[in-house]
Amino acid sequence: MEPIVYPSIDWLAITPLIILLGGMLVLLVLGALTRPWPRAWYAWSHVEVAVAALVVEMVLWNRIGHEGPVTIINDALTIDRFTIFVWIGVTVALGLVSLATADYLRREDLDGPETYSLYVCAVIGAMVMAAANDLVVLFLGLEILSIALYVLAASHRRRVQSQESGLKYFVLGGFASAFFLYGVALLYGATGTTNIGGMGAYLGDQVFLDGDDAILLAGVALLLVGLAFKVAAVPFHFWTPDVYQGAPTPTTSFMASVGKFAAFAAMLRVLVTALPTRAEDWRPVVWVMAVLSVVVGSVLAVVQTDVKRMLAYSSISHAGFILIGVEAAGHQGDVDGLPSSLLYLMIYAVLVIGTFTVTALVTRTGDASSSLDSFRGLAKERPLLALAMTVFLLAQAGMPVTSGFVAKFGVIQAAAENESYAVAIVAMVASVIAAVLYLRIIISMWLADAESGDEAREKVSVPWTAGVVVTAAVIFTLVAGVFPGWLIDAARDALAR
Amino acid sequence: MSLLAAGGGETLSFPILTSLVVVPLIGAVLTGIGVRNRPELTKLIALVSSVVTTGLSLWLLASFETGEAGFQFVSQHTWIDAWGTGWHLGVDGISLFLVVLTGVLFPLVIVGCDPHHDEKPYLAWLLLLEAGVMGSFLSLDLVLFFLFFEIVLVPMYFLIGGWGYDQRVYAATKFFLYTMVGSAFMLVGIVTTALLARDATGGITFDVVRIAENADFAASTGRWLFFAFAIAFAVKVPLFPLHTWLPDAHTQAPTAGSVILAGVLLKLGTYGLLRFGVYLFPEAAVWSREIFLTLAVIGILWGAIAATMQTDLKRLVAYSSVAHLGFIVLGTFAFTSEAVGGGVMQMVNHGVSTGALFLLVGMIYERRHTRAISELKGLQKVAPIFAAAFMVVMLSSIGVPGLNGFVGEFLVLIGGFTTARWWVVVAATGVILAALYLLWAYQRVFHGEPDEANSSFRELRLREGMVLLPFIALIVFTGVYPKPMLDRIEPSVKSLLVRVEERTGFTAPTAEHDESHSTTEGEG
């Protein structure tokens, strides 16, 4: 009998995954078997797991610099700097969101290890998506991420909106996954492989005669639908406002940061590695989605009265900006498209976590009052918190000296590089429209007059764990805004495979 | 010919330009943190940092090399290499007096205007504003300029929105969004300019001097880029028909906001047109000059007519700003050294005289809690010194010979006559209209017998007088003896026009060649 040949495994390369998985299981079991832990211990223990993973990721980043990227486990995963960049991004997001969740769960009387375990689980899915070199593995990661997110969205057991949001997300997300999977099947039919690298090589050699590529194009289209749903690009964005509004606020920040990061990483990987030769086909699609997303997201954000809904629409508009970078990455010889998307993702992840952390504090007990009115007078009550929120909002509007400007600048530069001036101008004008929404929140915090009944409201309390998250996010936003050189270089390194 | 040839800058090791930006910035941070329970110390910090900035700007004025056309005191450091942008500051004759004006105006505003509440953030925003304005006037790097140009919006937004009058939030938001729309186009323009100039400049750079000296844009490309910049500046100036934010912002802003807005913020637009529009894209500027001349003249007349009809004294001054800035744009696009130099001078003059007018209107509001012209009457009787001060400032705004407003406007008109004759002819009526609306307003407010409400109008106080004194001194000095100012402005303007001439062949007809025998007698 032939001995079974196992693929050799580069253990160091998957250590971050193992740390997260092991840490999650150990903490989940420990948490289940012991009495409730004291305040914020669950969060901190998960933060430690994230930090451990982060350290190994840094080591890997360095190693790839010396030894070059590798594909491991029989070509299933690619460990290059692109992968590690995304890994670092989602791990940092995991740490920040875990901390931001600590006192939220206590306030809502939901404390326990489950939420954190689901975070870690979702991050593992996100990391698999980023590293996947095979569409089936990619789907695996997508499902690990998505299922964890469905549960997280519904995890506020006493709020019916949370249940509703989870169910909506589940049904629509299931649809999108089906589209994605069908796309994978068609692509397999057209190219004979599910391997992303192999697909790129095959399509590079193959010449399609007229009409021969119908299956391939249908596969690409379905794949794009599935991924566009996950990144919440128009016209696949309809779930976003409802889900973002209904989900527990820290979970919303997690979805907007980790979820977007992973889905865009997968999109970039598939489009740039597997389908660069078909760029002429997918670029127009991405172009249209980008323009629609920036415009529709910005315009609809302005007319909302609920801050979580506003931020949901603004996240659609931000997805449009990132898509501009994706579109640019499809151009031959482009150097800025991909790094600008990655940079935007990293910056936006931190911004959105900061913004939603403040929002979570302002929604007060019950997580229900996320209307614009609940921000009224925040500057009087909590000036520093209001100042931090102002920094996040101005950054999202793309004001210079904040990281948001760096992100927008990179994308605009990538677009201009490819002579997509129209899209650059549309995006910038849309960002002015979006500025109205950020200004509305700022006005509510700083300039609105107090109304009767304001005194009776619960005071906004700032637990120190959330304080740490907000402070860290503000520092990152300002430092990356004033000295963005290192971040830009890192994003560019991620391209160098 | 290198514009980088620094005059006094090389002997001066002290980084004076960087300090001009950093000192108010530090002041803003310190003021923002504040001293617990000691508001007077907080105010002292703000005052000291703004006075130090004034000192630095006056030192800059003193050590500025007269007769040197290029940028002086250049300060260049690497910043974001990945983008090709750097910390590049420099000053020349065009920006020198705007920098000095900024330096002088802020401490006067801090002393002269009372925010009434929340003094600490008010002062911090003011100082941040000063840092932003200074940076905008000094930047020689497109990204750095954009950064300062945009950041100015934030403190101004909060100043109008937090300390303004009834419609303050509306006015502040309108101001913010109008300017941001312009900036949106400019950012795309900036990025594209640098990318298209990449081959000529050898690697991507946002350095204005390097782009200007090396890159030569195709005519159509240059025009698009010029318009991307020009929209942002036209909103800021504001040029007709993009001016509608200005009356609201001016009227609703607190006095300090109005003074700064009129004094220096609007000049970002006219300065930007010269420094970035005309300097980088001379061909496009010449090509589109008739559009700008026409819009400028419409602005002059429109502003004047609208000002005549106002019932609110502050709104009247705001509309007069639209008219006055029309003269500056007219001068800029006349492309003769008298007209452009006069325009630059008028930027400073308008800052001084309209800034002072807003201060005076603010003082009237403090006393009477109204700005409606119909409510005010016979103030001359009860407050003669106040009326005298108002009179001097108003005459300067009208452009009466012997005061500063005359010099700038006269130069613009006489310089523009050879190259933009009919526009100048029409614009000259704007001077008459200015006399009409300002004198009429003066007549209604100050003449006659004071009624009961106005009879208790308080006379000018010592502190108010001390704040107004520098304004009046500048008005009279510049009006009587403008030569030192013109000597410093002119070389830079001339070198800019030489550049326009080299690139486009556009020359102003000289007196000998001009068949209509117009004389170019006036050098001020």
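Helix α3 of chain A is followed by Asp109(A), whose phi is positive, near 60°. The model is predicted: local features need pLDDT of at least 70, side-chain atom pairs count only at pLDDT 80 or more, and totals for chains, interfaces and linings use all residues. Residues are numbered from 1 along each chain as its sequence is written, and chains are lettered from A and ligands numbered from 1 in the order in which they are written.

**Helix α3 of chain A**
- Helices (H or I, at least four residues) and strands (E, at least two) are DSSP runs, numbered from the N terminus.
- Helix α3(A) covers residues 81-107, and its 27 residues should span 39 Å at 1.5 Å a residue; the expected span is 1.5 Å times one less than the number of residues. The end C-alpha atoms are 39 Å apart, which agrees.
- At Thr101(A) the helix bends by about 30°, the bend being the angle between axes fitted to the seven residues ending there and the seven starting there.
- Of the 27 residues of α3(A), 25 are buried, so the helix is largely enclosed by the rest of the structure. A residue is buried if 20 or more other C-beta atoms lie within 10 Å of its own, exposed if 12 or fewer, and partly exposed in between, with C-beta atoms placed from the backbone.

**Chain B as a whole**
- Chain B has 24 helices and 2 strands.
- Its C-alpha trace spans about 70 × 65 × 40 Å along the principal axes.
- Of the 524 residues of chain B, 62% count as buried.

**Where the chains touch**
- The contact takes 26 residues from chain A and 23 residues from chain B; two residues are in contact if their C-beta atoms, placed from the backbone, lie within 7 Å.
- On the side of chain B that touches chain A, α5 (142-151), α6 (153-163) and α7 (168-196) each supply at least two residues.
- The most comes from α7(B), with 13 residues.
- This side of chain B divides into 17 nonpolar, 4 polar and 2 charged residues. Ala, Val, Leu, Ile, Met, Phe, Trp, Tyr, Cys and Pro count as nonpolar, Asp, Glu, Lys and Arg as charged, and the others, Gly among them, as polar.

**Backbone exceptions**
- Most residues other than glycine have a negative phi, and most peptide bonds are trans.
- Ala232(A), in the loop between α8 and α9 of chain A, has a positive phi of about 65° although it is not a glycine. With 28 C-beta neighbours inside 10 Å, Ala232(A) counts as buried.
- Pro235(A) lies in the loop between α8 (214-231) and α9 (239-246) of chain A, and the peptide bond from Val234(A) to Pro235(A) is cis, with omega near 5°.
- Glu419(A) has a positive phi of about 60° and is partly exposed, with 13 other C-beta atoms within 10 Å.
- In chain B, the peptide bond from Phe240(B) to Pro241(B) is cis, with omega near 0°.
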